Amino acid sequence: MKIKIISVGHKMPNWVEQACTEYIKRMPRELTVDIVDIKPEKRAAGNSTENIQLIEARRILEAAGRDYLIACDERGQEVTTLQLADKIKSWQTLGRDVSIAIGGADGLHASLKQQAYCLS
């Protein structure tokens with residue numbers, strides 16, 4: 001199974017990339033993890049938060065393709081490390097790859113959260 005972590009934001013500092021690389025090494029061998037950076041929408045006069053979220057949601061969905069979509073949201077289901085490990089095991093039985101979406105500064109659009117399973 002392949003897991004994509006789709007994050008809206010600018011390129012992370014080197015120390016973040018190093019930490020991600022270290023944690024990815026700890027994943028089970030049968031899992032591959034890719035990090036996909038999504039360009040945030042520019043804030044401009046007349047560009048509402050709702051519109052920015054919608055544009056970013058389209059970019060996330062394009063990157064996720066047909067994957068099982070997980071949305072990280074502050075109002076989602078909170079899970080411990082052990083619960084997350086159990087969820088990953090259950091996702092492996094789906095026969096699909098998984099994309100985990102992390103929104104930008106304005107969060108995730110409601111339509112994307114409705115399509116996804118939400119974790120906090």
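**Note on the predicted model**

1. Asp106 and Arg43 are joined through their side chains by a polar contact of 3.0 Å. A polar contact is a pair of N or O atoms within 3.5 Å; within protein, one must be able to donate a hydrogen and the other to accept it, and residues adjacent in sequence count only if both atoms are side-chain atoms. Asp106 sits in the loop between β4 and α4 (110–115). Leaving out residues up to four places away in sequence, Asp106 touches Arg43, Thr49, Ile52 and Gln53. Contact here means heavy atoms within 4.5 Å.

2. On the basis of the model: this is a predicted structure, where local features need pLDDT of at least 70, side-chain atom pairs count only at pLDDT 80 or more, and totals for chains, interfaces and linings use all residues. Residues are numbered from 1 along each chain as its sequence is written, and side-chain values use heavy atoms, with hydrogens and water left out.

3. The fold next. The protein chain has four helices and five strands. Read from the N terminus, their order is β-α-β-α-β-α-β-α-β. Helices (H or I, at least four residues) and strands (E, at least two) are DSSP runs, numbered from the N terminus.

4. Overall dimensions. The C-alpha trace of the protein chain spans about 45 × 35 × 25 Å along its principal axes. Among contacts in the protein chain with a separation of 6 or more, 83% are between residues 24 or more positions apart.

5. Burial. Of the 120 residues of the protein chain, 33% count as buried. Buried means under 20% relative accessible area, exposed over 50%, and partly exposed in between (1.4 Å probe, protein chains only).

6. Ser99 lies in strand β4 (residues 98–102). Ser99 is buried because its relative accessible area is 0%. Its side chain makes a polar contact of 2.7 Å with the side chain of Asp67. Beyond its neighbours within four places in sequence, Ser99 is in contact with residues including Lys4, Ile6, Ala64 and Tyr68.

7. Asp73 is in strand β3. Asp73 has 12% relative accessibility, so it counts as buried. The side chains of Asp73 and Lys113 are joined by a polar contact of 3.3 Å. Asp73 and Ala101 are 28 residues apart in sequence, yet 8.9 Å apart in space, C-alpha to C-alpha.

8. Thr81 belongs to helix α3. Thr81 is exposed, because its relative accessible area is 69%. Thr81 and Ser7 are 74 residues apart in sequence and 20 Å apart in space, C-alpha to C-alpha.

9. The largest pocket holds about 950 Å³ of space. The elements giving two or more residues to its lining are β1 (2–8), α1 (14–25), β2 (32–38), β3 (68–77), α3 (81–92) and β4. The lining has 34 residues, and Ile5, Tyr23, Met27, Val33 and Leu84 lie nearest the centre. A pocket, on a 1 Å grid over the protein atoms alone, is an open set of points where a 1.4 Å probe fits, with protein on both sides within 12 Å along at least five of seven lines; lining residues have an atom within 4 Å of a point.

10. By class, the lining of the largest pocket has 23 nonpolar, six polar and five charged residues.

Definitions and conventions. Points joined across faces, edges and corners; volume = space filled by probe spheres on them. Nonpolar A, V, L, I, M, F, W, Y, C, P; charged D, E, K, R; others polar.
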